[in-house]
Amino acid sequence: MIRVDTPLELVEARLLERRQRLGPIQRRLELNLKTSFEQVKIVEMLSEMLASQGQRSMKIGCFDERSLTAATEKVLAEVRSMPVRPVDDAGTAEGPNDERQYQDRTFARRYLTAYAGPFRLKTLAAWMIATLERRHVARALKQCQPPPAVLLDVPCGTGKLAKVLATMETEVVGADLSTAMIELARGAYPTSRFHGFACGSAEQLPFRTAAFDTVVCLRLMHLVPPASRRNITKELARVTSRHVIVSFGVLTSFQLFRLKIRRAIVRGTSAPHPVRFADLQTEIEEAGLHITQWRRILPALSCEYLLTLEKVGAGRV
Ligand SMILES: C[S@@+](CC[C@H](N)C(=O)[O-])C[C@H]1O[C@@H](n2cnc3c(N)ncnc32)[C@H](O)[C@@H]1O
């Protein structure tokens, strides 16, 4: 475990100073003090668990951009000196960088086991992230007005959101590119309000315009290249009449540091296509959507942001 510590007063002062330079939308997406500080407890807990298992950990102090760059070099040197064992990506928090892997049945099974299987230290991050994702999606759905009546879950994967959707009075359809993932999702969704799966790409969904009032798209955008991401954003906007709840990998200085180190350790990348917020905002606007809410899933372990988007002009008479 590599732990980066910055004095909280410094973080607070920097965030306040930074907020003054941001536009109103960016301000909503930028670091939120309360959420950030809540993560500290999770990191403390994780540190203690890893220490009790005899896992190696490294602690570095970071005060500004320069010390973060220096720390990156220090950690990379340390990592390169270690005998590295590539991590099995289905067992980690963020998944592979090649969508074809999801077509493989063994890979699909490992993906499901990582967040829903028996407790293992190796899959702890995947479990924690999936738990927080479900919680944040549930909250985002509850805040949608009017409440979702017909919802598309794309990519549905192995049915991570099935339990959340089962608690709602919502008609649900699932879609995914991989039949192997869909096979494992069968049975997870509630039968009475579930209307089956469509197998195909999110870049070209087999649904009419505004067929749904809400679309949820979890853990896809950080895997696909920018051109596909833009196509998918437009396609999600096309098939919804109102809301899109979607996660992206958002690139900040800290996430750049985290991804660089992680890449050196696992010899691969977990979020191959994170996006800078300014670019994301442009893409969202170009698709005819605007941001109404945002949440960070678990900044210490993931660059994932969950955004609630609304169609421009939706609900106006
Ligand atoms: C990391 S999983 C996320 C699945 C689910 N949303 C979750 O959070 O567990 C990524 C999923 O995206 C699917 N996928 C990859 N590229 C896709 C595309 N172009 N269109 C639709 N699904 C795609 C994969 O088959 C896989 O099920």
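This is a predicted model: local features need pLDDT of at least 70, side-chain atom pairs count only at pLDDT 80 or more; totals for chains, interfaces and linings use all residues.
View 1. The ligand is surrounded by 16 residues, and the closest are Tyr 102, Pro 155, Gly 157, Ser 178 and Ala 202.

**View 2. The chain and its elements.** The chain has 11 helices and 9 strands. Buried residues account for 34% of its 317 residues. Of the contacts between residues at least 6 apart in sequence, 69% join residues at least 24 apart.

**View 3. The open sheet of 7 strands.** The strand order is E5-E4-E3-E6-E7-E9-E8, with mixed pairing. Strand E5 (194-199) and strand E8 (289-296) are the edge strands, each pairing on one side only. From one strand to the next, the twist averages 20°.

**View 4. Pairing of strands E3 and E4.** Strand E3 (residues 150-153) runs parallel to strand E4 (residues 171-176), and 4 bridges connect the pair. At one of these positions, Leu 151 has Val 172 in E4 as its bridge partner.

**View 5. Helices H9 and H11 across the sheet strands.** Helix H9 (residues 226-239) lies across E3, strand E6 (212-217), strand E7 (240-249), E8 and strand E9 (304-311). The angle between H9 and E7 is about 155°. Helix H11 (residues 277-286) lies across E7, E8 and E9, and runs at about 140° to E8.

**View 6. The largest nonpolar core.** This core comprises 63 residues, of which Val 215, Cys 217, Val 244 and Val 246 touch the most other members. Helix H6 (residues 124-142) gives the most to the core, with 8 residues. In soluble globular proteins, nonpolar side chains tend to be buried together. Leaving aside residues up to four places away in sequence, Val 244 touches Val 215, Cys 217, Leu 236, Ala 237, Leu 289 and Leu 309.

**View 7. Lys 142 in helix H6.** Is Lys 142 buried or exposed? Lys 142 counts as exposed because it has 12 C-beta neighbours inside 10 Å, and 12 or fewer is the cut-off for that class. Met 168 is 26 residues from Lys 142 along the chain, and the C-alpha atoms of the two residues are separated by 8.9 Å.

Note on methods. Residues are numbered from 1 along each chain as its sequence is written. A residue is near a molecule or strand if its C-beta atom, placed from the backbone, lies within 6 Å of it. A nonpolar core is a set of buried Ala, Val, Leu, Ile, Met, Phe, Trp, Tyr and Cys residues joined through C-beta atoms within 7 Å. A residue is buried if 20 or more other C-beta atoms lie within 10 Å of its own, exposed if 12 or fewer, and partly exposed in between; C-beta atoms are placed from the backbone. Helices (H or I, at least four residues) and strands (E, at least two) are DSSP runs, numbered from the N terminus. Two residues are in contact if their C-beta atoms, placed from the backbone, lie within 7 Å. Two strands pair if DSSP finds at least two bridges between them. Axes are lines fitted to C-alpha atoms, for helices over the stretch in contact, and angles run from 0 to 180 degrees between N-to-C directions.
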